[in-house]
Amino acid sequence: MSDIETYKSLLAGKDTGEVVTRALVRDVDLPYGAGTMALITLDNGFDHTKPNTFGPQGLLSLNDALDAIEARGDVAAVGVTGKPFIFAVGADLKGAAAVATREEAAAIGALGHHVFRRLGELGVPTFAFVNGAAMGGGLEIALHCAYRTVSSGVPAIALPECFLGLVPGWGGTQLLPRLIGPEKAIKLIIENPLSQNRMIKGRDAYGLGVADAMFEPADFLEESLRWAARVLRGEETVTRAPYEGDWDKAVADARFLVDMKLRGASPAPYRALDLIALAKTASRDEGFAAEDEALADLLMSDELRAGLYAFDLVQRRAKKPAGAPDKALARKVTKVGVVGAGLMASQLALLFARRLEVPVVLTDLDQARLDKGVGYVHTEVDKLLAKGRVSADQAGRIKALVTGSLSKDAFADADFVIEAVFEDLDVKRKVLAEVEAVVSDECLLATNTSSLSITAMASGLRRPERVVGFHFFNPVAVMPLLEIVRGDATDDATLATAFSVAKTLKKSSVLVKDAPAFVVNRLLTRFMGEVIASVDEGTPLEVADHALDGLGLPMTPFTLLQLVGPAVALHVAETMHAAFPDRFGVSANLAALVAAGKPGVYGADLQIDPEARAFFEGGSSPSTGEEVRLRALKALAQEIRLMLDEGVVAAPQDIDLCMILGAGWPFHTGGITPYLDREGVSEAVTGSRFLAPGVASVPA
């Protein structure tokens, strides 16, 4: 039985809910008398907001189109392009989540290979005209073609599969390394996905050699057809230099970096490396068969289900925050005030000016601080200009929008004022009172506090209902999460305005109840507290610091401590201890480290500083790494259950969203609650799972 017949048999009677991408064929008479091209346009019938994807019916549609073309004798070439702004963005992820057996998973891999490889085996030249976003299977279609052009305006080209827990399994791991070499291929297949799913643009793809020619968007298809005609006539020659580097070393170096980043926690990048290594010598049949096996294994893995769950949170829940009021209540923001001119305040000023495109005024206690804050904005804008991320005109406008003032009177006509001063409740209350004295009654007052009570901060104000928590994560330009905190008095108009501003800032927001440290900092502080407590008790620093390696976290606990600073960590621990003394401790050893002025436990050589180690020695009850891991996970499970019972967020999904976007929790874990469920920790600690069986894991 053929791959097509096998899959049709498996598909019979099964509703996958697929939005079918059709392969629409039209004949194009090529210029210069080069003959007729059968041009396939991939189109699911919707605009660019619903990109082309490939489920089984879409693959079968493309196969039928190729059958009809192959039966003809008058076609000089075949071209593939996409609908406006979109080429294709890969497999239908809803369908992937519905795969129930390994047999189905293997059939999906085989079907994709069967259809796509035909573009490289038709007997006539094939061309991919990449006019828009091309990701995953979309890029793989292009790789199967003999030639590729790309529009300089394409905003996103990527192979994101490893980000989700898969591999590019429809030819990507075999064709791309042979086309551009293993180092460049590894960057696209592994490094970029593991770096917050980084994308490249059309110009980058051309520079890497993924595309053979590049044209401007305005006449992209016309120029691509002219170029294809010249290729067919022999007037244009495409040369691709053979790879002359050390293939094995490239793979080994990448494996070392993946180990450093994931420490073996997620199987997908390792399977991808194995496949790239195989591409050095494997035949097309051998390589594609190995991809089928990898897809079959990974499609049935918990890591993929968790990755799809996380992807759904980021793509859907983050765009429709639970509990957000009607956006019609939002007020217009035409000017922003920022109290403070330190690093965080300056980052905020740049973000507001760049995204809202409204005047932003900074205030501080002296001119030197103001000049430094405004100077920081100008320097960062110059960096954006140098990287081509803003034009010269845009750079000039952003700089002009940001000014400084020694008086808060400059906020008189502001619609939104955010404070970013020292993390002290009395200081923040005083600042908000001073701002309220000069702004209009409609002006929203926001605080960037990371742990203090919004309700307490607003309690002495004339209009506490307009105060809201607006907690950014550092660095502001990079971290996508914004915790929007509702105080006891905060009204719907204030919240609606906060969510509207957050959307314009291109941040993903989660509504959080006014509770100590909100979500991310509360969980990280509890987590860190348990790890540090184990060291206080006598566990060696190295053992404790690597006890959680199996989660594949972006950094170890003591590396995180080094990043945020021991003084900040101690301050937050003290705040949480005051709120919940039964669960949050304060380490005397950490306090001693802070008093000694140490930046953390690691020295400049990335080895543990002997002086720092001395502060933590003396405990008599050491734990094993596994004991530390379970201790930390059980503490997280307990804290999450308490937070849900307290109504800090609407659902476990919001906690996962916060941890993914605010703490860099890996996609392959699905956040924290699916991991705790899969490990059995949730039920052991709280008596129940956080999520229903089958959510973010393979159904039992």
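In this predicted model, the axes of helix H21 (residues 520-536) and helix H27 (residues 625-646) come within 9 Å and cross at roughly 150 degrees. An angle over 145 degrees counts as roughly antiparallel, and H21 and H27 are therefore roughly antiparallel to each other.

**Helices H21 and H27**

- The crossing of these two helices, H21 and H27, is right-handed.
- On the H21 side, the residues that meet H27 are Arg522, Leu523, Arg526, Phe527, Glu530, Val531, Ala533 and Ser534.
- On the H27 side, the residues in the contact include Val628, Arg631, Ala632, Ala635, Leu636 and Gln638. Glu639, Ile640, Leu642, Met643 and Glu646 of H27 also take part.
- Sorted by class, the contact of H21 with H27 holds 11 nonpolar, two polar and six charged residues.

**Helices H14 and H28**

- Helix H14 (residues 302-315) packs against helix H28 (residues 652-663) at an angle of about 90 degrees, and their axes are 10 Å apart.
- Angles of 65 to 115 degrees count as roughly perpendicular, so H14 is roughly perpendicular to H28.
- H14 contributes Tyr309, Ala310, Leu313 and Val314 to the contact, while H28 contributes Gln653, Asp656, Leu657, Ile660 and Leu661.
- The residues in the contact of H14 with H28 are seven nonpolar, one polar and one charged.

**The sheet E4-E6-E8**

- Strands of a sheet pair through backbone hydrogen bonds, either parallel or antiparallel.
- Here three strands form an open sheet in the order E4-E6-E8, and the pairing is parallel.
- Strand E4 (86-88) and strand E8 (157-158) are the edge strands, each pairing on one side only.
- Strand E6 (residues 133-135) is joined to E8 by two bridges, and these strands run parallel.
- Met135 stands opposite Ala158, a residue of E8.
- Helix H5 (residues 137-144) packs on the sheet and touches E4, E6 and E8. The direction of H5 makes about 90 degrees with that of E6.

**Salt bridges**

- The count of salt bridges comes to 48.
- One of the salt bridges is formed by the side chains of Asp27 and Arg72, with an N to O distance of 2.8 Å.
- Asp27 lies in strand E1 (residues 22-30), and Arg72 lies in the loop between helix H2 (56-70) and strand E3 (77-82). The pair therefore ties together parts that are 45 residues apart in sequence.

Definitions and conventions. Residues are numbered from 1 along each chain as its sequence is written. This is a predicted model: local features need pLDDT of at least 70, side-chain atom pairs count only at pLDDT 80 or more; totals for chains, interfaces and linings use all residues. Side-chain values use heavy atoms; hydrogens and water are left out. Two strands pair if DSSP finds at least two bridges between them. Helices (H or I, at least four residues) and strands (E, at least two) are DSSP runs, numbered from the N terminus. Contact means heavy atoms within 4.5 Å. Axes are lines fitted to C-alpha atoms, for helices over the stretch in contact, and angles run from 0 to 180 degrees between N-to-C directions. Angles under 35 degrees count as roughly parallel, over 145 as roughly antiparallel, 65 to 115 as roughly perpendicular and the rest as oblique. A crossing is left-handed if the near helix is turned anticlockwise from the far one by less than a right angle, and right-handed if clockwise. Ala, Val, Leu, Ile, Met, Phe, Trp, Tyr, Cys and Pro count as nonpolar, Asp, Glu, Lys and Arg as charged, and the others, Gly among them, as polar. A salt bridge is a side-chain nitrogen of Lys or Arg within 4 Å of a carboxyl oxygen of Asp or Glu.
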